[in-house]
Every structure is written in C-alpha cells, then in structure tokens.
Amino acid sequence: MATPAQARVDLAAIRHNVAQLKERAGGAELMGAVKADAYGHGLLPTTEAMLQGGAGRLGTAVISEALALRAGGVTAPILSWLITPGEALDEALARDIELSASDVRLLDEIAEAARRTGITAKTHLEADTGMSRGGSPPADWPGLLSRAMELQAEGVIDITGIWTHFACADIPGHPSIRRQLETYEAALKLAEQAGAAGSHVIRHIANSAALMTLPEARFDMVRSGIAMYGLSPIPELGDFGLRQAMTLVGRVALVKRVPEGSGVSYGHLHVCERETTIAVVPLGYADGILRHASDRAEVLAGGRRRRITGRVCMDQFMIDLGDDELSAGDEVVLFGPGDGGEPTAQEWADSLGTITHEIVTRIGSRVPRVYERRSTE
Ligand SMILES: *Cc1c(COP(=O)(O)O)cnc(C)c1O
C-alpha cells in the first residue's frame, strides 16, 4: 500500500450479505440502497457486487447519484426518492430513472418533464405514514392519488410504486411501527379504490431493520442499505450473520520519542506522564475521523488496541505507544470486521454515540477505496 490511508472493501462480503438478505426477504425483491457513494464504500464496484449477490433494484437519494450509476453502465432499475424543484428531470427520464413524488407540486413537475421528453415517467407515490419526512400525509393522500390517476390517464406518468418509510424500525416494539403499518395499509386501500394500485405496482416500506424483525412489512420489495454493507441494523439483536465489508487503515507517518510532560495535539488534552513513543497516523476529521473521537476511539496498532491520544486534527491523529515499538509505514487499523482484533465499525459508533451509517458514510474522498475479492467462507 503506497497511500497514507485506505478504505478496503471486501466485495465478497457484500455479495455474501446480499445473498443472505435475499433469502430473508423470501419472495420480495431486494433493492440495494446505494446513496451517499454506497454508504462510503464506493458507488460502482459496490453496486456491481450487490447486483451479483442478488439485488434486483437500486435506490438512491438524489438524481445525480442515479445518473452516476447510469454513466457507469448500470442498467438495473433505479429509484431516486429525494427530488428538489428544478432538478434535471428530463435527463433522469431519458436515463430511465424512476422518480418518487410526495406531493401534487412535484407530480406536476414530473409530468411536465414527461410531456417535454415524450417519456412516460415511472413514478413511485410516497405516503407519509408517520415519519414527517418525505411523503404525503394521510390528509393529502387522496389528492395525490387522484392527480396521479389523471396524469396516468394522460399517459405521462406510470404509477410504478406506492411506498413509505419507517421512523423506528430499529427499535423493535416501538408503538409507531404498528401505527405506520396500519397507516400504510390504509393508504394502499385508498390506492386500490382509486385504481392506482394495479398488479405491477411495487409496494415497499421495509428498510434493513424491518427486514430483520417484521416479515409482515416485506410486501413486494425491501429497501436495504446498512445490512448490505455487513453492519447490523439493530446492534442490540446481534450481527444477524452479516459480515462487515469495510476496513479502514492508515499507515504511520512518523514515530518519535517525546519527553515526560509533553502535551499532545491541539489544546494539550493529553499530557504524557513519562517519556513515551508517539506515532502519527495520517487520517483526520477531514477524512471522517470525527473530532469527537479524540481521546476516545480505539485503533489496532502493533497488535494491540490503543486509544487515539489527544485531539483529532484535520489530517492526522496521534497514538501514545508507551515503550512499544512501531515503525513509520506500519499499518494501523481503525476498524474492520474484527477478525484481527481490530475494533468494528459498531464499536466506533458506540464509543462516539452514533450509528454505523454515520461512521462509514463520512469517510472522505481523500481516502482511496480499494477492492478486495476475498472469500468470506
Ligand atoms: C437509506 C434508506 C433506506 C435504507 O436504510 P437502511 O437502514 O440502511 O437499510 C431505505 N429507504 C430509504 C427511503 C432510505 O432513505
């Protein structure tokens, strides 16, 4: 490895996870959520592994992510669910990207693009069943349905999906889960009555957490992100046999002895009680190593767990090795699957009070993604 740091992505682990999730989904189709650069794993190689593992569809947040997939030669169906006024809808339709609409305003904007391009817009109608994020709340749902039916009759849109999203699927037993399922069922019933729920319409609500715990929420398709990357959607319930795909490593830039009383890094949060050896690792908060990890998160260095020493800087952090030996150029593992004694992404998330989604998606563009095709067997 010649670069200061790398995020190694085990594509065999991704394929393994996807195949396992596909089995768990039963007859439902599996959509791989590849927004945010495939959760920081690198869009195209990761997507390819997901498709090989058995994902039939792809989901992105914004249209530019879907266009990047098409530009990379991906032909699988893609849905983009977060659309802002004035976006490149013509191009999205020309590249056969399915769009989600939460209200009549957006539906009309999509219809305009369809008229301009002469391409029928495959449109997923989103219901807000209790998250208050995207989607049409129950009071507005009939209006969205009737506008969609008019536009479908005109031939400018095709109602391709009817969907919603859970707020608390990762908190098993949370009362909102039942309420959201009921609200979704009611939205589907209204869609059926309006003639908007034809047999080809894909009904989808479940994310990774719901796939693990709510078989009744699978409907026609499951949208899975975090579990595809081998990270548990509900850590309290274990790892579900998933295999973490990403390993983040840095190579030591500098090793030196410093005298007793030396302050380490900005603000001198850490002062050495005796003469010691300090190693400098070339990863910082600009690379997604949160400043909050200062004096908190652990890494594997020289065969032992050690805590980050003092403040994380923009481009680097330090570790106090005591009298242990480490050389410039040696590898430090921040997190990985845990096989070699390194912390997992889950341990990083726990120690920083966050979720693994945030740990992996924040790895910066300066860190090259390197693909390994290791077997997981
Ligand atoms: C990100 C996202 C998902 C995937 O969620 P995971 O918890 O990572 O499985 C599914 N649906 C929508 C709408 C999302 O934004």
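The model is predicted; local features require pLDDT of at least 70 and side-chain atom pairs pLDDT 80 or more, whereas totals for chains, interfaces and linings use all residues. Residues are numbered from 1 along each chain as its sequence is written, and side-chain values use heavy atoms, without hydrogens or water.

The largest pocket has a volume of about 700 Å³. A pocket is an open set of points on a 1 Å grid over the protein atoms alone, with protein on both sides within 12 Å along at least five of seven lines; lining residues have an atom within 4 Å of a point. Points are joined across faces, edges and corners, and a volume is the space filled by probe spheres set on them. The pocket lining holds 34 residues, with Tyr39, Asn207, Ile226, Ile355 and His357 nearest the centre. Two or more lining residues come from each of H2 (35-39), H9 (208-213), E9 (221-224), H10 (345-352) and H11 (356-361). Helices (H or I, at least four residues) and strands (E, at least two) are DSSP runs, numbered from the N terminus. H11 gives the most, four residues. Domain 1 (56-227) and domain 2 (246-372) both contribute to the lining, so the largest pocket lies between them. Domain bounds come from an automatic or database assignment.

One cavity of 30 Å³ or more is present. In a cavity, a 1.4 Å probe fits but cannot get out.
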